[in-house]
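Let's take a friendly walk through this structure together.

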Amino acid sequence: MTQTTTVSPYRADEHGFFGEFGGAPLPPFLVEPIAEVAREYAKASADPAFQEQYQALLAKYVGRPSLLYFAENLTAKLGGAKIYLKREDLNHTGAHKINHCLGEALLAKRMGKTKVIAETGAGQHGVALATAAALVGLDCEIHMGAIDVAKQHPNVVRMELLGAKVVSVEEGGKTLKEAVDSAFGVYAANPEEYFFAIGSVVGPHPYPSMVRDFQSVVGREARAQVLEAEGKLPDYLIAAVGGGSNAMGLFDAFLEDEAVGIIGVEPAGEGLEGSRHAATMTLGTPGMLHGMHTKVLQDANGEPSAVHSIASGIDYPGVGPQHARLEQLGRATYVTASDAETLDAFQLLTRTEGIIPALESSHAVAHAVKLAPTLPADAVIIVNLSGRGDKDVDFVAERLAQQSK
Ligand SMILES: *Cc1c(COP(=O)(O)O)cnc(C)c1O
């Protein structure tokens with residue numbers, strides 16, 4: 001394993017290693033196709049024409065820059081630090097995922113591919129990718145476990161309306177893990193035609209760095225916006241962490257600002273004692289998953305654990321390798337929020353600000369609820385509101401009705 005030093009200790013070396021984490025441990029049949037992606041992304045990211053095309057879509061299609069909104073009512077209610085929300089929920093399609101899906105679709109097009117392929121769990125990545133593919137003019141193929149196909153019917157309909165082919169995976173547990181294997185199988189058999197579009201800062205090099213780069217617009221905007229509004233940098237950044245893409249998107253522009261505290265929030269689900277959580281940074285151990293070396297929730301045989309969260313977009317047994325590195329270097333801290341705390345935060349933001357957050361994003365709000373009252377009134381917190389909660393309202397209403405019985 002060759003490791004070279006880079007300018008920033010927080011970034012990957014040329015082989016995609018964030019210290020011991022990251023890399024691209026892959027079966028032989030995937031090595032060359034993924035290496036091609038790394039070479040082509042390096043060229044594209046250095047090409048002003050590619051960057052211009054991408055920035056134009058962010059402005060004219062996604063609707064960027066997204067607002068940095070001062071949540072005055074929530075701040076007054078909690079007492080303490082001023083809370084700002086980075087409004088990724090206002091993007092076209094209602095979440096941050098469109099930022100990297102457009103980047104990946106443009107890269108696929110530039111590489112001469114005709115199809116993008118991916119797995120999806122709850123279907124949010126599949127919908128964002130199908131949207132980007134429709135816009136850019138690519139075929140789209142989404143692999144989804146048969147159980148998830150049944151559970152997430154509205155997202156299946158959305159993907160199909162957008163022109164995507166949804167493949168229902170009937171093997172094994174019929175969920176995300178099998179969908180990953182199935183999609184990689186199709187990709188490996190035909191890498192000339194397909195581009196594999198990973199949905200977070202996970203997987204083999206270059207994906208953790210590439211997806212982060214496509215999301216880094218979030219933090220660059222937030223940094224300029226908070227300087228404009230407050231005349232200073234924030235005291236804390238808070239973001240929910242599943243794979244970790246919305247979090248890395250917000251954090252990236254502030255990594256070298258050592259006075260800015262960085263906090264990722266993972267799902268404690270029904271509690272950290274049992275197995276009904278997805279707190280990978282908190283309870284995971286180093287291991288291999290999906291073509292990367294990172295922290296993993298795993299059993300004694302190295303098999304990824306079954307995980308749970310009230311928010312289906314963050315119930316992942318791994319985490320982006322850059323997060324594992326940031327924690328190791330002491331640059332970021334990872335905490336948890338339970339399902340119950342998340343549900344409370346969802347309701348609190350909805351009632352005080354008239355903003356319905358995604359249950360994923362509500363984990364970040366839940367931590368702000370704990371932290372803000374402990375800080376002085378001149379302190380500033382930025383919470384990444386990664387998506388809107390319209391997709392979650394039926395589920396939340398049902399949960400609340402059950403609780404009041
Ligand atoms: C998918 C999703 C997440 C989790 O993904 P990350 O890669 O950890 O950001 C968070 N929030 C929303 C709204 C999502 O759709």
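## The sheet

Two strands count as paired if DSSP finds at least two bridges between them. In this predicted model, strand 6 (residues 139-145) and strand 7 run parallel and are joined by five bridges. Within strand 7, valine 167 is the residue that histidine 143 stands opposite.

This pair belongs to an open sheet of four strands, ordered 7-6-5-8 with parallel pairing. Strand 7 (165-169) and strand 8 (194-196) each have a single partner strand and stand at the edges, so one side of each is left without a neighbour in the sheet. From one strand to the next, the twist averages 25°.

## Glutamate 104 in helix 4

Now let's turn to helix 4 (residues 97-110), where glutamate 104 lies.

Beyond its neighbours within four places in sequence, glutamate 104 is in contact with His125, Phe195, Phe196, Ala197, Ile198, Tyr207, Met210, Val211 and Phe214.

## Lysine 97

Lysine 97 lies in helix 4 too. An unreviewed UniProt entry lists Lys97 for "modified residue: N6-(pyridoxal phosphate)lysine".

Is lysine 97 buried or exposed? Buried means under 20% relative accessible area, so lysine 97, at 15% relative accessibility, counts as buried. Not counting residues up to four places away in sequence, lysine 97 touches Gln124, His125, Ala128, Gly199 and Gln215.

Key
Residues numbered from 1 in each chain as written. Predicted model: local features only at pLDDT ≥ 70, side-chain atom pairs only at ≥ 80, totals over all residues. Heavy atoms only, no water. Helix = DSSP H or I, 4+ residues; strand = E, 2+ residues; numbered from the N terminus. Axes fitted to C-alpha atoms, helices over the stretch in contact; angles between N-to-C directions. Contact = heavy atoms within 4.5 Å. UniProt positions renumbered as here; feature names shortened; annotations may be inferred. Buried < 20%, exposed > 50% of the residue type's maximum accessible area, 1.4 Å probe, protein only.
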